[in-house]
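Hi everyone, thanks for making the time. I'd like to walk you through one model this morning, so please bring it up on your screens.

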Amino acid sequence: MLQIALLGVVTVLVALLFRNQKPEYEMLVCVCGGLLIMGFAVGKLGGILRNIRQIQSYVGMEESYYQILIKIIGITYLSEFASDICKDTGHAAVGTF
């Protein structure tokens with residue numbers, strides 16, 4: 001978590017350096033930083049999936065229900081990430097759909 005937090009702070013500081021001189025690079029830095037943070041988060045999914053499988057064995061529900069749940073969560077995170085990027089770039093109308 002500390003690495004992800006530091007990456008976020010560094011991304012914001014680098015973006016601030018570009019704000020006055022090259023505003024188009026500022027958004028590019030933010031998007032790249034967000035993708036890197038998302039990459040770190042995806043790396044941590046293995047432990048979460050193991051815990052979900054362990055809970056599944058205790059509850060006794062079918063595997064297909066958990067697969068659907070995991071897909072829904074993934075789609076939600078990706079949609080929220082894309083929406084936030086649209087809002088940050090000043091296209092809030094596109095980000096709300």
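First, some housekeeping. This is a predicted model, in which local features need pLDDT of at least 70 and side-chain atom pairs count only at pLDDT 80 or more, while totals for chains, interfaces and linings use all residues. Residues are numbered from 1 along each chain as its sequence is written, and side-chain values use heavy atoms, with hydrogens and water left out.

Let's start with helix α1, residues 2-19. Helices here are DSSP runs of H or I with at least four residues, and strands are E runs of at least two, numbered from the N terminus. Helix α1 has 18 residues and reaches 26 Å from first C-alpha to last, close to the 26 Å expected at 1.5 Å a residue. The expected span is 1.5 Å times one less than the number of residues.

Which residues of α1 are buried? They are Ile4, Leu7, Thr11 and Ala15. These cover an arc of only 65° around the axis, which puts them on the same side of α1. The arc is taken over the directions from the helix axis to the C-beta atoms. For accessibility, buried means under 20% relative accessible area, exposed over 50%, and partly exposed in between, with a 1.4 Å probe and protein chains only.

Next comes helix α2, residues 23-43. Its 21 residues should span 30 Å at 1.5 Å a residue, and the end C-alpha atoms are 31 Å apart, which agrees. Buried in α2 are Glu26, Val29, Gly33 and Gly34. Seen down the axis, these fall within an arc of 135°, so they line one face of the helix. The face turned away from that buried side has Val42 and Gly43 exposed.

On to charges. How many salt bridges does a search of the whole structure find? The search gives 2, where a salt bridge is a side-chain nitrogen of Lys or Arg within 4 Å of a carboxyl oxygen of Asp or Glu. In one, arginine 19 pairs with glutamate 26, with the closest N and O atoms 3.0 Å apart. Arginine 19 is partly exposed at 45%, whereas glutamate 26 is buried at 15% relative accessibility.

Glutamate 63 and arginine 53 also meet in a salt bridge, at 2.4 Å from N to O. Glutamate 63 lies in helix α4 (residues 63-88) and arginine 53 in helix α3, so this pair ties together parts 10 residues apart in sequence. Their C-alpha atoms are separated by 8.7 Å.

Now for the rings. There is 1 aromatic pair, formed by phenylalanine 18 and tyrosine 25: edge-to-face, 5.8 Å centre to centre, with 80° between the planes. The rule pairs rings of Phe, Tyr and Trp (its six-membered ring) with centres within 6.5 Å; planes under 30 degrees apart count as stacked, over 60 as edge-to-face and the rest as tilted.

Last, the surface. Val42, Leu45, Ile48, Leu49 and Ile70 make a nonpolar patch of about 390 Å². Patch residues have over 30% relative accessible area and no salt bridge, with like charges joined within 9 Å and nonpolar side chains (Val, Leu, Ile, Met, Phe, Trp, Tyr) within 5 Å. Areas come from the Shrake-Rupley method with a 1.4 Å probe, and for residues only the protein chains shown count as cover. Helix α3, residues 45-59, gives the most to this patch, with 3 residues. Leucine 45 sits in helix α3 and is partly exposed at 38% relative accessibility.
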